[in-house]
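Biologist: I am new to this structure and would like to learn how to read it. Could we take the features one at a time?

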Amino acid sequence: MQLKDKNIILGITGGIAAYKAAFLCRLLIKEGANVKVVMTPNATEFITPVTLATLSKNTVLIDFFKHDDGSWNSHVDLGLWADLMLIAPATASSIGKMANGIADNLLITTYLSCKAPVMLAPAMDLDMFKHPSTTKNMDVLKSYGNILIEPTSGELASGLEGKGRMEDPEKILEKVSNLFISKKKLQNKLKHKHFIVTAGPTYEKIDPVRFIGNFSTGKMGFAIAESLAESGAKVSLISGPVNIKAQHPNITTFSVLSAKEMHKKAVELFAISDGAVMTAAVADYAPENISDKKIKRNNSKFNLNLIANPDIAAELGASKTNTQILVGFALETNNEEENAQKKLQKKKLDFIVLNSLNDSHSGFGHNTNKITIIDTNNNVEKFELKTKKEVSLDIVSKIIDISKSK
Ligand code: C5P
């Protein structure tokens, strides 16, 4: 019973693969999940709501309103109830509506209200799947952090052969279970531990209105802070200027502006912590002097003297005790693994998380990331493209493994 008491919205859209949703629903129920089925009106042409109501042991939701008594189905309540929204099959049309917020049926409004992870299993004819419009919409959904379950190749309803068959219900169940297992693996494993996470960019002031900064959004660091907190740790999140807020009660956020401020807070807190995850994109240099007045344009050339900022990670590495864990990041554009190895040693890290700017959907600003973890025993573990939330679970899993041997 891997899904015991998990609340799952099963969204079914109008494609021939909708019949497979009945098997999927049965498998989810057998694993102990509470399933509420939401169908698009077109899906009811392919499989009857009675079948799904019977299998899910719940009323099937299709319309916004119940015309006989004037009541309405709340997509907001549904979205909040769910631990997962799984849309299988997902047609080209529904994928397009999800990507563009076209909320003309209950399934799409529920999707837009849903706070839980979203997985979708596309199913369509091979040419529809290959069309640039579908590809673009799927990329948009990936960038929202939605998890795509790739269709398989084979004979399609049209009689043509190619990629577009919905993944088998058993395989979809496996992916759903894995998502919950990795979350469960973390539960309470870091109770009574205190971790520091640095996140976001730093801004190095030039004058009262200008600064040197970078494109970091803080998403990766905040996801790690959240996963550490979900594992029971107390987290001190030292963040540069970002537009996101940490929600978990175990997280205390310290907002800083410059590398020097981040350095001061990190050194102060590291001494009383069990480890640190250095996710921040710290500016390597800062202006030597900050002008107290706005610098005027006059000559055609302008020279700015820069001096090196402290390397926070390296300094924590030098003061690290045998029981403390230090994790660093490396965002590389060339000789990725070689450069990451060098940083691992130089900064005395326990492991380094490498993400390359050469991987699309990875790095600054994206909701997804493709990482490689390299540790001091020279283990190199390459992960597939995942949401930053999933990536943070992999990183925290590694921290839990290492903390056992400390
Ligand atoms: O040397 P590089 O900047 O590529 O190293 C990246 C790693 O070092 C990241 O973990 C980053 O947070 C950390 N770092 C730091 N202080 C700096 C520069 C980088 O903590 N001044």
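Biologist: How far is an oxygen atom of the ligand from an N or O atom in the side chain of Lys347?

Modeller: First, the source. This is a predicted model, in which local features need pLDDT of at least 70, side-chain atom pairs count only at pLDDT 80 or more, and totals for chains, interfaces and linings use all residues. Residues are numbered from 1 along each chain as its sequence is written, and side-chain values use heavy atoms, with hydrogens and water left out. A polar contact is a pair of N or O atoms within 3.5 Å; within protein, one must be able to donate a hydrogen and the other to accept it, and residues adjacent in sequence count only if both atoms are side-chain atoms. For Lys347, the distance from its side-chain N or O atom to a ligand oxygen is 2.9 Å.

Biologist: Which residues are around the ligand?

Modeller: A residue is near a molecule or strand if one of its heavy atoms lies within 4 Å of it. Around the ligand are Met278, Ala280, Val282, Pro310, Asp311, Ile312, Ala313, Gly328, Phe329, Lys343 and Lys347. Lys343 places a polar side-chain atom 2.5 Å from a ligand oxygen. Phe329 takes part through its backbone, with a polar atom 2.8 Å from an oxygen of the ligand.

Biologist: Next, helix pairs. At what angle do α8 and α13 pack?

Modeller: Helices (H or I, at least four residues) and strands (E, at least two) are DSSP runs, numbered from the N terminus. Axes are lines fitted to C-alpha atoms, for helices over the stretch in contact, and angles run from 0 to 180 degrees between N-to-C directions. Helix α8 (residues 169-186) packs on helix α13 (residues 388-404) at about 40°, and the axes are 10 Å apart. Therefore α8 is oblique to α13. Angles under 35 degrees count as roughly parallel, over 145 as roughly antiparallel, 65 to 115 as roughly perpendicular and the rest as oblique.

Biologist: Is the crossing of α8 and α13 left-handed or right-handed?

Modeller: A crossing is left-handed if the near helix is turned anticlockwise from the far one by less than a right angle, and right-handed if clockwise. The crossing of α8 and α13 is left-handed. Contact means heavy atoms within 4.5 Å. Leu179, Ser182, Lys183, Lys185 and Leu186 of α8 meet Lys389, Glu390, Leu393, Val396, Ser397 and Ile400 of α13. By class, this contact of α8 with α13 has 5 nonpolar, 2 polar and 4 charged residues. Ala, Val, Leu, Ile, Met, Phe, Trp, Tyr, Cys and Pro count as nonpolar, Asp, Glu, Lys and Arg as charged, and the others, Gly among them, as polar.

Biologist: How do α10 and α11 cross?

Modeller: Helix α10 (residues 259-270) and helix α11 (residues 312-319) cross at roughly 20°, with axes that come within 10 Å. Therefore α10 is roughly parallel to α11. Their crossing is right-handed. Ala259, Met262, His263, Ala266, Val267 and Phe270 of α10 make the contact with Ile312, Glu315, Leu316 and Ser319 of α11. The contact of α10 with α11 has 7 nonpolar, 2 polar and 1 charged residues.

Biologist: Which residues does a cis peptide bond join, and which residues have a positive phi?

Modeller: Most residues other than glycine have a negative phi, and most peptide bonds are trans. Ala88 and Pro89 are joined by a cis peptide bond, with omega about 0°. Pro89 belongs to strand β3 (residues 84-90). Asp5 has a positive phi, near 65°, and is in the segment before β1 (7-12). His192 also has a positive phi, about 70°, and is not a glycine. His192 is in the loop between α8 and β8 (194-199).

Biologist: What does Asn188 contact, leaving aside its neighbours within four places in sequence?

Modeller: Asn188 lies in the loop between α8 and β8. Apart from those neighbours within four places, Asn188 is in contact with Glu230 and Ser231.
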